[in-house]
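Student: I would like to go through this structure with some questions. Could we start with its open spaces and then turn to the helices?

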Amino acid sequence: MWALVLLPLFLALGGAVGLWAVFAIAVSNNSVNLTEEFPYISTCGSYTPQSCAFSQICNICCFLAMWIVVIRYQQILDLGGGRHANTASLVLGFISSIGISVLGNFQQSVAKSVHLLGAFLAFFFGLAYFWVQVWLTYRAEPSQDRRWLGPLRVIFCSICSGFVLAMAILYNTGNRSASAVCEWVLVMSFFALFSTFAAEFRLIDCHRLTVQNRGTAQTQNNAGHDKNCEMQRNDDHHPSSQVF
């Protein structure tokens with residue numbers, strides 16, 4: 001169903017535009033100073049008024065990410081592929097999505113330890129989720145696009161893995177600006193990975209759930225009851241023979 005294609009695209013484009021808008025607001029009101037260092041995403045979203053927008057963007061991304069994780073899980077489940085890996089991806093995706101909400105609602109200027117916990121859940125569990133999706137791309141149906149979709153996911157997952165390690169190393173060595181650049185590239189790569197689900201979601205068929213009204217349900221019940229009575233009368237007129 002082509003409507004579902006818009007879901008991962010909206011997350012990727014909306015999330016990216018939203019975060020860069022927060023960056024622009026932070027620079028314009030001098031919440032961050034580019035001449036001193038390039039800011040982390042969290043630093044841009046730590047001060048008002050952009051902190052409110054940052055929280056809402058993270059909450060929306062959390063909701064959309066959970067929705068995408070569930071749809072992808074159900075898609076693979078319905079086609080009977082990679083049961084254990086599929087379940088693992090569901091758990092990893094949910095934890096990562098919750099981490100997005102945590103880091104967005106607990107800014108580092110208010111609750112730094114909780115914010116870092118959310119960042120850890122979002123980045124590391126999110127990275128694990130997409131590596132599982134790489135495996136499912138080759139092992140589970142639908143596989144129409146695996147020739148290009150699999151290598152594309154491997155490339156972006158490798159980029160994410162490299163930049164998450166570089167970000168941690170540079171932060172611990174005091175190179176904050178370089179570490180912040182790595183964080184921005186990492187997050188944009190995550191958005192790119194989410195957008196790849198659009199290729200698989202176009203193959204989903206949706207079925208509408210129809211609820212019967214009381215009149216229709218009663219008519220069907222009466223018809224079933226009359227049919228059972230008719231079968232009972234036929235059995236009474238034609239008893240089965242017994243052999244002694």
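Predicted model: local features only at pLDDT ≥ 70, side-chain atom pairs only at ≥ 80, totals over all residues.

Student: Which residues are the closest to the centre of the largest pocket?

Tutor: The largest pocket has a volume of about 490 Å³. It is lined by 18 residues. Closest to the centre are Tyr40, Leu116, Ala119, Met167 and Tyr171.

Student: Which element gives the largest share of the lining of the largest pocket?

Tutor: The elements that give two or more residues to this lining are H5, H6 and H7. The largest share is 7 residues. That share comes from H5.

Student: Which residues are the closest to the centre of the second largest pocket?

Tutor: The second largest pocket holds about 230 Å³ of space, and 10 residues line it. By class, the lining has 6 nonpolar, 2 polar and 2 charged residues. The closest to the centre are Gln74, Gln75, Asp78, Ile204 and Asp205.

Student: How many cavities of 30 Å³ or more does the structure hold?

Tutor: A cavity differs from a pocket in that the probe fits but cannot get out. With the cut-off at 30 Å³ or more, the number of cavities is 2.

Student: Which residues lie nearest the centre of the largest cavity?

Tutor: The lining of the largest cavity has 23 residues. By class, 18 are nonpolar, 4 are polar and 1 is charged. Nearest the centre lie Ile100, Leu103, Phe123, Val187 and Phe191.

Student: Which element gives the largest share of the lining of the largest cavity?

Tutor: Two or more lining residues come from each of helix H1 (6-28), helix H2 (41-44), H3, H4, H5 and helix H7 (176-195). The largest share is 6 residues. The element that gives this share is H5.

Student: And which element gives the largest share of the lining of the second largest cavity?

Tutor: Residues that line this cavity include Ala65, Ser96, Ile100, Gly126 and Phe194. H3, H4 and H5 are the elements that give two or more residues to the lining. The largest share, 4 residues, comes from H4.

Student: How many charged residues does the lining of the second largest cavity have?

Tutor: The lining has 6 nonpolar residues. It also has 4 polar residues. The number of charged residues is therefore read from the last class, which holds Asp, Glu, Lys and Arg, and the lining has no charged residues.

Student: Are H4 and H5 roughly parallel or antiparallel to each other?

Tutor: The axes of helix H4 (residues 83-105) and helix H5 (residues 112-139) come within 7 Å and cross at roughly 150°. Angles over 145 degrees count as roughly antiparallel. H4 and H5 are therefore roughly antiparallel.

Student: Is the crossing of H4 and H5 left-handed or right-handed, and which residue classes are in the contact?

Tutor: The residues of the contact divide into 16 nonpolar, 9 polar and no charged. As for the hand of the crossing of H4 and H5, the answer is left-handed.

Student: How are H6 and H7 placed, roughly parallel or antiparallel?

Tutor: Helix H6 (residues 146-172) and H7 pack with their axes 8 Å apart, at an angle of about 155°. That angle makes H6 roughly antiparallel to H7. H6 passes H7 in a crossing that is left-handed. In direction, then, the word for the pair is antiparallel.

Student: What span does helix H3 reach from its first C-alpha to its last?

Tutor: Helix H3 (residues 50-78) has 29 residues. At 1.5 Å a residue, the expected span is 42 Å. The model comes close to that, and H3 reaches 42 Å.

Student: Which peptide bond is cis?

Tutor: The bond has omega near 5°. Its second residue, Pro49, lies in the loop between H2 and H3. The cis peptide bond runs from Thr48 to Pro49.

Student: Which residue other than glycine has a positive phi, near 65°?

Tutor: Gly80, which follows H3, has a positive phi near 70°, but Gly80 is a glycine. The residue asked for lies in the loop between H1 and H2. With phi near 65°, the residue is Asn30.

Conventions
Residues numbered from 1 in each chain as written. Heavy atoms only, no water. Axes fitted to C-alpha atoms, helices over the stretch in contact; angles between N-to-C directions. Parallel < 35°, antiparallel > 145°, perpendicular 65-115°, else oblique. Left-handed = near helix turned anticlockwise from the far one by under 90°. Expected span 1.5 Å × (residues − 1). 1 Å grid on protein atoms, 1.4 Å probe; cavity = no way out; pocket = protein on both sides within 12 Å on 5 of 7 lines; lining within 4 Å. Points joined across faces, edges and corners; volume = space filled by probe spheres on them.
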